[in-house]
Amino acid sequence: MKFFDTNYLFSNFGGTVSASSGSSTKEFAFDEDGSFSWTSNGSGTDGVAIELLRSLAGAASISRIFVKNTNISDLVILVNIGAGLVDLSTVTSFTLVKSTAGSDYYYTLDNAISITEIKFRGLNTIVANEEKTIEQCLAFVELGELASVDDIQPTYSREQAITSLHAGKNDVVNLGASWSFKIKLKAHYVESDVTIIKTMLSRS
């Protein structure tokens with residue numbers, strides 16, 4: 001089981017999002033929700049490029065990038081590390097793992113990089129000539145991996161701020177989501193697992 005640092009692409013952290021098309025849904029790709037997706041508008045022909053740009057409020061260090069549930073078959077990532085947007089492959093080497101269906105992209109960077117912008121670009125879709133879609137884009141640092149887990153009980157919670165208004169109505173603001181969990185380690189655990197757990201506890 002792997003643990004990760006903050007998702008620095010989360011829209012609640014400020015900065016801006018822009019899209020070459022489908023601008024009305026562009027924030028959905030960075031809201032950590034997954035209920036809705038960014039969808040292009042008028043770019044549903046293969047060969048027509050789309051671009052989705054996330055400009056951060058400040059520089060952030062990342063070593064992992066995850067693009068969840070996209071129909072783009074030739075996704076390319078560009079990053080700005082201080083001298084404008086360039087292809088990720090020119091900044092650091094990485095390993096890309098795609099899901100069997102080709103809809104999920106997971107990038108393991110060989111070196112952490114500090115970025116101020118990240119752009120997602122594509123021309124073609126898995127099923128030809130569809131509007132391009134991306135459900136979620138995330139970027140973070142991997143903290144470590146537990147090697148001796150015997151059992152884990154995760155709990156997913158949505159965080160909301162609810163203000164009572166007149167006439168029995170409520171004002172609800174979604175603040176994102178969080179996970180809590182109970183972990184049972186094997187009797188003969190490795191010391192690195194203890195280090196990871198201590199790190200997680202210090203951040204709670």
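This is a predicted model: local features need pLDDT of at least 70, side-chain atom pairs count only at pLDDT 80 or more; totals for chains, interfaces and linings use all residues.
Figure 1. N129 is a residue other than glycine, yet its phi has a positive value, near 60°. The relative accessibility of N129 is 47%, so the residue counts as partly exposed, because that class runs between the buried limit of 20% and the exposed limit of 50%.

Figure 2. N69 is not a glycine, but its phi is positive, at about 55°. With a relative accessible area of 36%, N69 is partly exposed.

**Figure 3. Close-up of the aromatic pair F4 and F140.** Seven aromatic pairs are present in the structure. In one of them, the ring centres of F4 and F140 are 4.6 Å apart. The planes of these two rings meet at 40°, so the pair is classed as tilted. F4 belongs to strand β1 (residues 2-4) and F140 to strand β9. The two residues are 136 residues apart, and their pair links distant parts of the chain. F4 is partly exposed, with a relative accessible area of 29%, whereas F140 is buried, with a value of 8%.

**Figure 4. Close-up of an aromatic cluster.** The cluster is formed by F94, Y105 and Y107. A pair of aromatic rings is described by two values, the distance of the centres and the angle of the planes.

Conventions
Residues are numbered from 1 along each chain as its sequence is written. Side-chain values use heavy atoms; hydrogens and water are left out. Buried means under 20% relative accessible area, exposed over 50%, partly exposed in between (1.4 Å probe, protein chains only). Rings of Phe, Tyr and Trp (its six-membered ring) pair if their centres lie within 6.5 Å; planes under 30 degrees apart count as stacked, over 60 as edge-to-face and the rest as tilted. Helices (H or I, at least four residues) and strands (E, at least two) are DSSP runs, numbered from the N terminus.
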